[in-house]
Amino acid sequence: MSVTAIDTFESIKGGINRQCKDVYFVRAVGTSPTYINDIRKMDDTLDGCSQSGRGYYRRLGSLPKLQNTEDTAFYAERYAKWTESGRQEAVIRTTMGSAELAKLLGSACSAVEDICMREEMLMTDSIRKNFIIKLLFWYDSVFDKEDFVWDERESIKIVADNIEKKQEYLFFYLLTLTGCDVLLLQSRADIGADEEKLGLSAKFVLGDYSELAIPEYRRKQKQNLQENMPEHDTGNALVRQGGNVQERPVVVTIPSHPNRSGRSGHAGSANPPACPTQPHSPARPASPASPFNGTAEGNSEKSFEELAQLASSVVMIAIHDTKGDVIGTGSGIMVGRDGYILTNNHVASGGKFYSVRIEDDEQVYETDEVIKYNYVLDLAVIRIQRKLVPLPIYQGKNKLVRGQKVVAIGSPLGLFNSVSDGIISGFRKIDNVDMIQFTAPTSHGSSGGAVLNMQGEVIGISTAGYDSGQNINLAMGYECINAFIRGFT
C-alpha cells in the first residue's frame, strides 16, 4: 500500500513479523492548506493510541547532540560490545531485556555501516566508530524509557521535521530496519540528491515548499490510576501499596543513565502490549518449562501449606533514598534465574537504590539495577547478583473465572512474606488496562507480591487496593507479565 497523505501514514500499520519487514519510510514534501491541522490531528490520534497502549508514537523536531562525557563513555562501551558480537547485537538502554530487539538493532547498524562504506562516507575507523556511537545514542533518545516496551506486533511510528544531514537520514532508515514506520516532514526542502539516489524512502508531494513553522510536539500527560476511577468510586481511594504508607501516588524518578552510584545498573523500557486478563481471554498452551505444567501432578491443586512454601521465591524490597535511609518497602517475584525480580514500577521508581531480602538467606542484596520498566502497566524488573529459583508464570491453559481460589504472598507493612487466601472477585479495566480484582487481604508493602492459583502459578502481581474498601485489591494479570518479562525467564 502506498502512502499519499499524512492521514494515510497515520492509519497504516507496519511492523515486523517472523523476520519479514513490513514498514514504511516516506517523505511528505512541501505543504498543503491543511498541513498544520493534519499534523495536529496525527499527533492527537497517534498519541492517544500510544497512551492507551496501542502502539508507540514520537515526533521529533531535531536529534540531540552527544555532549555528556558519561553518555559518550557508555555508548563507546556499547559500540565495543557490538563489535565483539560480530556486529550482530547492540545492547543499549532501549534493547536491554529484549534479545530480539538487540539483534535487530545490531544488524541494522551493520546494514547502515555497509551503505556508508559503499558510498565512501566513512573513510576512517574513527569516523565509522563515532557514527555508530551516534546511531546508538539517537536510538535511545527516540524511545521513552517509561512508555516503550518492545513488541513486534505493535505499531511504532516516528515522525521527524525537515531532515537535512545524511547521517540523520540514515538514522531514520535504521529505525525502519527495527520495525518502525517513519515519516519525514520535508516542508522547507527535500533530502539531497545523494540521499535520494540511495532509494531508501518514497515520497509524496503535498505542495510548494514553505517556511511555515511546524508546531512543537507535546506529549499528553498520563493519568494515574486514581484519576481514572469512575465517579461512583469517589471516596474509595485507590492506593498503590508499595513504598511509603501514604495516600498520594509515588513520583516516578527513574534515572536517565544506567549507572547511578557505582552499582552496575541498566534502564530499559516501552509502550504496553495488548494484555487482556478478562475471562474471555483465549486459551494458551501450558509452558513445558514450568515445573507446575505438563504433568498430572503439576496440574493438581496444592494445599495452602504447599503454596506457602513458594514464599521462598517472593522477596521483600526496601527502598532507599540518597542518604541510604529506608523510605518504604515493597515486594517482588523471582522471574529469572540470573537475578531478575519482577515488581511494580511505583515500587522501583521511588528510590535511589534497593535492598532485597530473600527467605532463609541472611544476606541482604543491594542493587540499583532497574533493567526495564513500564509506567502504564506499573511493572518493573530489577536485578540482584544472585542465582534465583523463579516462580512459574501461568500460561493461560484455562480461563480465569470469578470465584476461583487464589493465594497472595507479599510483605504488607514490612511483615516479610505474609501469606493470605481469597478468590478472584472480578475483572476490571483501570486506565485502559485489564486487571484482576481479588479478595486475598493485602496492605501497603504488598505491591509487587505474587497472586497464585492453586497450582502454584503466578496469575498476577499485586498492584493496588482500596483503603476504604474491604479486601478489594487489584493485580496486573499474567498476560501482561508474560509479555513484559520475555527474555528474562
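Predicted model: local features only at pLDDT ≥ 70, side-chain atom pairs only at ≥ 80, totals over all residues.
Modeller: Residues are numbered from 1 along each chain as its sequence is written, and side-chain values use heavy atoms, with hydrogens and water left out.

Colleague: Why is strand S3 called largely enclosed by the rest of the structure?

Modeller: Buried means under 20% relative accessible area, against over 50% for exposed and partly exposed in between (1.4 Å probe, protein chains only). In S3 (residues 25-29), 5 of the 5 residues are buried, so the strand is largely enclosed. Phe 25, Arg 27 and Val 29 cover one side, and Val 26 and Ala 28 the other.

Colleague: What makes S3 and strand S6 a pair?

Modeller: Strands are DSSP runs of E of at least two residues, numbered from the N terminus, and two of them pair if DSSP finds at least two bridges between them. S3 and S6 (residues 181-186) have 5 bridges in the parallel sense, so they pair. Within S6, Val 182 is the bridge partner of Phe 25. S3 also pairs with strand S7 (residues 202-205), in the parallel sense over 4 bridges, where Val 205 stands opposite Val 29.

Colleague: Why are strands S13 and S14 called edge strands?

Modeller: The open sheet of 7 strands has the order S13-S12-S9-S10-S11-S15-S14, with antiparallel pairing. S13 (361-367) and S14 (370-374) each pair on one side only. S14 pairs with strand S15 (residues 379-383) in the antiparallel sense over 4 bridges, and Val 370 stands opposite Ile 382 in S15.
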